[in-house]
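Here are a few exercises to get you started with this structure. Have a go at each one before you read its solution.

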Amino acid sequence: DELPTGVWAITEERQAYVEDSLTLYIPCIDITRAVHDGTDEATLNRGVGLYEYAQLPGEGNRNVSMAGHRNGIDKNGNITPFYYIDQVGEGDYLYLYDSEHVYRYLYEKTWVVEPDDWGPIATAGYSCITITSCTPIGVSDHRIVVRGALDQIFDYTEDFDFIAHV
């Protein structure tokens with residue numbers, strides 16, 4: 001069942017992903033967004049998209065990789081989801097949750113890659129979340145990558161205490 005490290009795999013679990021069943025929450029930059037299915041232009045214009053090669057959250061070799069814009073204001077007058085993603089740093093938590101579980105990730109690192117470097121969305125050998133967006137803001141000549149490692153899995157409750165920092 002375990003995926004090898006460094007591959008782009010389309011799993012049956014990923015293919016069965018139900019649009020918007022996951023929510024991304026990053027308290028330190030006050031972002032809460034449903035995770036849409038795919039990363040095409042129309043999907044990213046609606047918000048955060050899950051890569052076709054992403055895995056779903058859980059234990060094991062899973063890279064929950066997603067993309068979103070950070071170019072300023074969208075058509076509805078809202079700040080694009082990852083406008084402030086470069087502000088996430090040491091000690092910050094990132095969360096994914098669904099109706100059953102809360103997956104808490106601890107920030108690991110931020111780096112910049114060429115727009116055709118797909119390495120960051122490959123399996124990483126551990127359970128992680130990877131967020132990609134264009135950088136610098138409003139320009140698409142590079143990608144900023146933010147990664148967090150799975151810290152803990154909790155049962156979801158309506159009053160779950162989403163803490164922002166270690």
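A residue is called buried under 20% relative accessible area, exposed over 50% and partly exposed in between (1.4 Å probe, protein chains only). You're looking at a predicted model, where local features need pLDDT of at least 70, side-chain atom pairs count only at pLDDT 80 or more, and totals for chains, interfaces and linings use all residues. Residues are numbered from 1 along each chain as its sequence is written, and side-chain values use heavy atoms, with hydrogens and water left out.

**Exercise 1.** Work out what share of the residues of the protein counts as buried.

Solution. Start with the chain, which has 166 residues. Then apply the cut-off: 45% of them are buried.

**Exercise 2.** Find how the rings of tyrosine 25 and tyrosine 95 are arranged.

Solution. Rings of Phe, Tyr and Trp (its six-membered ring) pair if their centres lie within 6.5 Å; planes under 30 degrees apart count as stacked, over 60 as edge-to-face and the rest as tilted. Here the centres are 6.2 Å apart and the planes 25 degrees, so this pair is stacked. Finally, check burial: tyrosine 25 is buried at 18% relative accessible area, and tyrosine 95 is buried at 0%.

**Exercise 3.** Classify the ring pair of phenylalanine 154 and phenylalanine 160.

Solution. The centres lie 5.0 Å apart with planes at 55 degrees, so the pair is tilted. Both phenylalanine 154 and phenylalanine 160 are buried. Ring pairs join them into a cluster that also includes Tyr25 and Tyr95.
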